[in-house]
Amino acid sequence: MTPMNLYNFFRSGTSHRLRIALNLKGVPYEYVAVDLRSNAHHSASFKALNPQGMVPVLADGERVLSQSVAILEWLEERYPTPALLPADLDDRAHVRALAAVVGCDIHPVNNKRILENLRNSFGADDAAINRWCGTWISAGFATLETLLQSDARRGAFCFGDAPTLADVYLIPQIESARRFQTDLRPYPAILAIEKACAQLPAFQRAAPAMQPDAS
Ligand SMILES: N[C@@H](CCC(=O)N[C@@H](CS)C(=O)NCC(=O)O)C(=O)O
């Protein structure tokens, strides 16, 4: 069977989510680097795959999937084992809510195009960009920390003792928080989960520094 192509970028958080999920599920893929630094995502050839001009894209033969949330849900249905969502309906809603704090409320406002707009239209320098990103990361992480601390279902991971979609979203966001110099000391539960994930080869192999286009 021809492996799927993952169009992605080492430092992209949404790409990182997919690498973790594919590794956890043991699904092989070919790494196709799309260099966001040189705006390769704006090229006509890439926009033919994803008119939105954003990574990640997962191409499985003629099937071309975009939007990390849709791709993750597709992977979960196509490759149900190991499950990244709990069996119970209410628990699934909880895990999706944890993931959505990152996916809906932190990541979108810290995206490359947003930061470029802040620099180009509003004169933001590196310090202002770090403050901007730090504001939204801290707000989201404070919420996650409260939810995790108060939840008896938390184990070594966000939910229980095996990784779920909540961890798949959280780990790339921690990576990005460090890049924007956000203080992570107020979030001990988050940091403990990061340690647990770091023990697993699926997370280790998905890390930005391990990717062929990392520099
Ligand atoms: N909602 C999309 C967002 C994808 C996204 O934000 N991709 C970023 C990299 S993490 C990107 O391609 N940014 C290009 C840009 O902002 O110009 C998803 O979840 O897949």
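1. Arg-113 first: one of its polar backbone atoms lies 2.8 Å from an oxygen atom of the ligand (a polar contact is a pair of N or O atoms within 3.5 Å). The protein buries 88% of the 510 Å² that the ligand exposes when taken alone (Shrake-Rupley accessible areas, 1.4 Å probe).

2. Keep in mind that this is a predicted model, with local features needing pLDDT of at least 70 and side-chain atom pairs counting only at pLDDT 80 or more, while totals for chains, interfaces and linings use all residues. Residues are numbered from 1 along each chain as its sequence is written, and side-chain values use heavy atoms, leaving out hydrogens and water.

3. The side chain of Asn-111 puts an N or O atom 2.6 Å from an oxygen atom of the ligand. At Val-55, a backbone N or O atom lies 2.7 Å from a ligand nitrogen.

4. What about the shell as a whole? Surrounding the ligand are 15 residues (near means a heavy atom within 4 Å). Helix H1 (13–25) gives the most, with three residues (helices are DSSP runs, H or I, of at least four residues; strands are E runs of at least two).

5. Now the strands. S1 (residues 4–8) and S3 (residues 57–60) pair antiparallel over three bridges (pairing takes at least two DSSP bridges). S3 also pairs with S4 (residues 63–66), antiparallel, over four bridges. Val-57 in S3 stands opposite Tyr-7, and its bridge partner in S4 is Ser-66.

6. S3 and S4 make a hairpin with two residues between them, and Gly-61 in the turn has a positive phi of about 65°.

How values were computed:
A polar contact is a pair of N or O atoms within 3.5 Å; within protein, one must be able to donate a hydrogen and the other to accept it, and residues adjacent in sequence count only if both atoms are side-chain atoms.
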